[in-house]
Amino acid sequence: MELDTLVVARTGDIGGFEVRRALPSVKRRMVGPFVFLDQMGPGEFLTGKGLDVRPHPHIGLSTVTYLFQGEILHRDSLGTIKTIQPGAINWMTAGRGISHSERTGPELRATGSNLYGIQSWVALPHHLEETDPAFVHYPVHELPVIEGEGKWVRVIAGSMYGAVSPVATATETFYADVALQAGVGIPLPSDQEERAVYVAEGRIEIAGDIFEPGQLLVFRPGDEITINALEPARLMLLGGAAMDGPRHIWWNFVSSSKDRIEQAKADWKAGLFGQVPDDQEFIPLPDR
């Protein structure tokens, strides 16, 4: 086995909720088009509480929200208001600029709720970095599921194990949610240029090495890799073609150009990213 990089996710906070951040890392900036990967939770909100990620801007990327448990109410400057639930996908393309918020809806605040999921960012290729912003929601029933023999796989993007996702991507991308029973193994697709496994739950074994939750494993191209679950495990498989050059990341901005990020800072200060419906408590630009 050729393990290229092992990243141990660091703990952070979004909207009063603890997260584990695997990308970007000093060890690895991106895997295929993925430039950001957060595990949100699992966590519980008491009655009257909830996730509160206030309106904030993005450029040069697509945000990909995927939940295991709970709900998030998405609002953006296109006028979109959409609740995402487990197994569905919110795919928001920022392009030249968009603002959005992510909150717990009022009904769940009234009762208390759980939240657990993955937030990722996918960089856009050079020729699409300034594309028009867009939002697409894919309901859970549209994403193919493969199951049997102790394996369960939802193909979020790309094609894997004979199933093809309807999710449109700007570059070659694969992304899947995998649950394995104890003692069960599954191969990592070898036909992708850049590949990684994120361990959300359970311990796994690969070629005699044991890996724990909160670890991102990045593999070299071409190797035949089998993931074996030592206990019930939940994994995210991700990657795709290498991007067309490095990306700069500052706050919520991603671009191949540092000058473009400076322009985005000025645009956010000037209020040029648009209004988010019913949600005007914007996050200010960081001082740093």
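**Salt bridges, sheets and cores: a short tour**

Hi everyone, let me start with one lysine: K265 is buried, with a relative accessible area of 16%. That label follows because buried means under 20% relative accessible area. Before I go on, please keep in mind that this is a predicted model.

So which residue does K265 pair with? The partner in its salt bridge is E262, and the closest N and O atoms are 3.0 Å apart. Both residues sit in helix α2, which covers residues 258-269, and they are three residues apart, about one turn of the helix. E262 has a relative accessible area of 45%, so this glutamate counts as partly exposed.

I picked two others to show you.

Let's take E231 and R203. Their side chains meet in a salt bridge, at 3.5 Å from N to O. E231 lies in the loop between β23 and β24, while R203 lies in the loop between β19 and β20, so this pair ties together parts that are 28 residues apart in sequence. Are the two ends buried or partly exposed? E231 comes out at 30% relative accessibility, which makes it partly exposed. R203, at 29%, is partly exposed as well.

The other one is D244 with R247, where the N to O distance of the salt bridge is 2.7 Å. Here D244 has 33% relative accessibility and counts as partly exposed. R247, on the other hand, has a relative accessible area of 8%, so this arginine is buried.

Now let's turn to the strands. As a reminder, strands of a sheet pair through backbone hydrogen bonds, either parallel or antiparallel. In our model there is an open sheet of four strands, and if you trace across it you meet β18, β23, β20 and β21 in that order, with antiparallel pairing. Which strands stand at the edges? They are β18, residues 185-188, and β21, residues 209-211; each has a single partner strand, so one side of each is left without a neighbour in the sheet. From one strand to the next, the twist averages 30 degrees.

If you zoom in on the β18 end, you'll find β18 and β23 running antiparallel and joined by four bridges. β23 spans residues 225-229. A handy landmark is P187, which stands opposite T226 in β23.

Next comes β17, residues 173-180. How many of its eight residues are buried? Seven of them are, so the strand is mostly covered. What does β17 pair with? One partner is β14, residues 151-157, in the antiparallel sense and over six bridges. There you can see V155 standing opposite A176 in β17. β24 is another partner, also running antiparallel to β17, with eight bridges between them. To find that pairing on screen, look for T173, whose bridge partner in β24 is G240.

In general, nonpolar side chains tend to be buried together in soluble globular proteins. Here, the largest nonpolar core has 28 residues, and the ones with the most contacts inside it are L37, Y175, Y198, L216, M236 and L238. What does L238 touch, leaving aside its neighbours within four places in sequence? Its contacts include V31, F34 and L37, then F174 and Y175, and also Y198 and L216. A second, separate core has 24 residues, among them A176, F211, F219 and L237.

Let me stay with Y175 for a moment. This tyrosine is found in β17, and with a relative accessible area of 1%, Y175 is buried. Its C-alpha atom is 13 Å from that of F36, a residue 139 residues away in sequence.

I'll finish with A270, in the segment after α2. Is A270 buried or exposed? At 51% relative accessibility, it counts as exposed, because the cut-off for exposed is over 50%.

Key:
Residues are numbered from 1 along each chain as its sequence is written. This is a predicted model: local features need pLDDT of at least 70, side-chain atom pairs count only at pLDDT 80 or more; totals for chains, interfaces and linings use all residues. Side-chain values use heavy atoms; hydrogens and water are left out. Two strands pair if DSSP finds at least two bridges between them. Helices (H or I, at least four residues) and strands (E, at least two) are DSSP runs, numbered from the N terminus. Axes are lines fitted to C-alpha atoms, for helices over the stretch in contact, and angles run from 0 to 180 degrees between N-to-C directions. A salt bridge is a side-chain nitrogen of Lys or Arg within 4 Å of a carboxyl oxygen of Asp or Glu. Buried means under 20% relative accessible area, exposed over 50%, partly exposed in between (1.4 Å probe, protein chains only). A nonpolar core is a set of buried Ala, Val, Leu, Ile, Met, Phe, Trp, Tyr and Cys residues joined through side-chain atoms within 4.5 Å. Contact means heavy atoms within 4.5 Å.
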